[in-house]
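Subject: Structure handover and notes

Dear colleague,

I am handing over the structure below, and after it you will find my notes on what was found. Please read them with the coordinates open beside you.

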Amino acid sequence: MEPAVKVHKSDAQQVIKYLRDRDLVNDTFKIAQSGEDVIIPVLGDFSLSSSFPYDTIEYEFELRDAPPSSLQEALEALLPDFDPTNFPSSYDQIGHIAVIDIKDHNLPISNEIGNAIMSSNSTIQTVYRKSSKVQGLYRLRPLELIAGEDVPVTTVKEHGIRIRVDVRHTYFSPRLATEHHRVANSLADGVEVLDLFGSLAPFSLHITRRLNAKCDTVDINPAVIPLIEESVRLNQLKGSITPHCIDAMEFLDNSLTLYDAILMNHPSDSLPYLAKALDNLKADGFLYLYIFVPIDRYDTHISDLLRDYNIRINHIQIVRQSSPSEYHVCVEIRK
Ligand SMILES: C[S@@+](CC[C@H](N)C(=O)[O-])C[C@H]1O[C@@H](n2cnc3c(N)ncnc32)[C@H](O)[C@@H]1O
């Protein structure tokens, strides 16, 4: 027998909410119904003020089924013909949102896959499937809601830093957290940084959280600006971030600042901006150029690509494998 609260079914929702808000519902057991009454299992140390107008009783509850512990287990429970080789095994989590790539043959069961993700991960409330590749000037990924609520704005935590993200209208990749952290750790206090193609400013947030640095973050997508401003308010930053919604070339043409470090993480189109960016770099500054390169002999490929620039390659960092034949790399450049 377990401690319980007995309420008339007309009051049940309100009482469950009251108890849940106080973490008093005992989720080991299923809520029961007996005639017109709903019986809610409550925690053993349950004590309510004398003004609580409901009966507390002892009741023999059924155990609640344990939630599936993995996506595979959840899919097995939902789909009788489940064959693990045919199903997705992973997805990206961005705050309360899951983003998954579903192969064409599984599209008819997208909703079941979305529900399986939500039942195996209680922190997910929204599931989108990638309906196309990252595309366009703003590098956005078309998304289709397959389960949960259509709420594309969330807060992500990267190495303790809170970043406001709109997965529909801004670029964000949860796979770059280590790179954001690495770059922030390579810089020193007092630096002036230009975060070109900064999107939601994850680099600038990592840097100014760690250092008393000044970051100008530049992106052509106006949707990033209010989100960056929210992120700045959410974190206790040692430095300062100034967001600019402007074309990178226009910013470089008009800027009077010489920077200690320039970050150019726009791997599909950063190269045309390199010469101009070098004009805005201090003589002893560092430029972090991000590009996609073929995996095969990638270092030779990078040297060939940069042959005509008057620069030194200080280090090449493989950020991640972006496709079966391609790396996303960071080339650290000095003048
Ligand atoms: C790959 S994303 C940025 C990634 C970001 N730095 C990060 O680490 O998460 C590229 C960004 O460049 C911006 N962009 C594209 N062309 C631009 C231009 N000509 N001037 C300024 N921003 C541009 C896009 O809006 C997009 O947000």
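Across which strands does helix H9 lie, and at about what angle does helix H9 run to E15? Before the answer, please keep in mind that this is a predicted model. Helix H9, formed by residues 298-305, lies across strand E15 (281-294), E16 and strand E17 (326-334), and its direction is at about 125° to E15.

The sheet to which these strands belong is an open one of 7 strands, ordered E13-E12-E11-E14-E15-E17-E16, and its pairing is mixed. Strand E13 (240-245) and strand E16 (312-323) are the edge strands, each of which pairs on one side only. On average, and with direction ignored, neighbouring strands of this sheet are turned by 15° against each other. One of the pairings joins strand E11 (residues 192-196) to strand E14 (residues 259-264) in the parallel sense over 4 bridges, and there Asp195 has Leu263 in E14 as its bridge partner.

As for the overall division, the protein is split into domain 1 (2-59), domain 2 (71-151) and domain 3 (160-334). The C-alpha centres of domain 2 and domain 3 are 30 Å apart, and the contact between these two takes 12 residues from domain 2 and 9 residues from domain 3. On the side of domain 2 that touches domain 3, strand E5 (92-94) and strand E6 (97-100) each supply at least two residues, with E5 giving the most, namely 3 residues. Sorted by class, that side of domain 2 has 8 nonpolar, 2 polar and 2 charged residues.

E5 and E6 also take part in a second open sheet, in which 4 strands follow the order E5-E6-E7-E8 with mixed pairing. E5 and strand E8 (143-148) stand at the edges of this sheet with a single partner strand each, so one side of each is left without a neighbour in the sheet. Here neighbouring strands are turned by 30° against each other on average, direction again ignored. Strand E7 (residues 126-130) runs antiparallel to E8 and is joined to E8 by 5 bridges, and within this pair Val127 stands opposite Ala147. Helix H3 (residues 110-120) lies across E6, E7 and E8, and its direction is at about 60° to E8.

A further antiparallel pair consists of strand E9 (residues 153-158) and strand E10 (residues 161-166), which are joined by 6 bridges, with Thr154 standing opposite Val165 in E10. The hairpin of E9 and E10 has 2 residues between the strands, and in this hairpin His159 takes a positive phi near 50°.

The ligand may be of particular interest to you. Which residues around the ligand come nearest? Of the 19 residues around the ligand, those that come nearest are Phe197, Ser199, Ile220, Ala248 and Asn265. The shell around the ligand draws at least three residues from domain 2 (71-151) and at least three from domain 3 (160-334). Helix H5 (202-210) and strand E12 (214-219) each supply at least two residues of this shell, and by class the shell has 10 nonpolar, 6 polar and 3 charged residues.

With best regards

Technical notes
Residues are numbered from 1 along each chain as its sequence is written. This is a predicted model: local features need pLDDT of at least 70, side-chain atom pairs count only at pLDDT 80 or more; totals for chains, interfaces and linings use all residues. A residue is near a molecule or strand if its C-beta atom, placed from the backbone, lies within 6 Å of it. Ala, Val, Leu, Ile, Met, Phe, Trp, Tyr, Cys and Pro count as nonpolar, Asp, Glu, Lys and Arg as charged, and the others, Gly among them, as polar. Domain bounds come from an automatic or database domain assignment. Two residues are in contact if their C-beta atoms, placed from the backbone, lie within 7 Å. Two strands pair if DSSP finds at least two bridges between them. Axes are lines fitted to C-alpha atoms, for helices over the stretch in contact, and angles run from 0 to 180 degrees between N-to-C directions.
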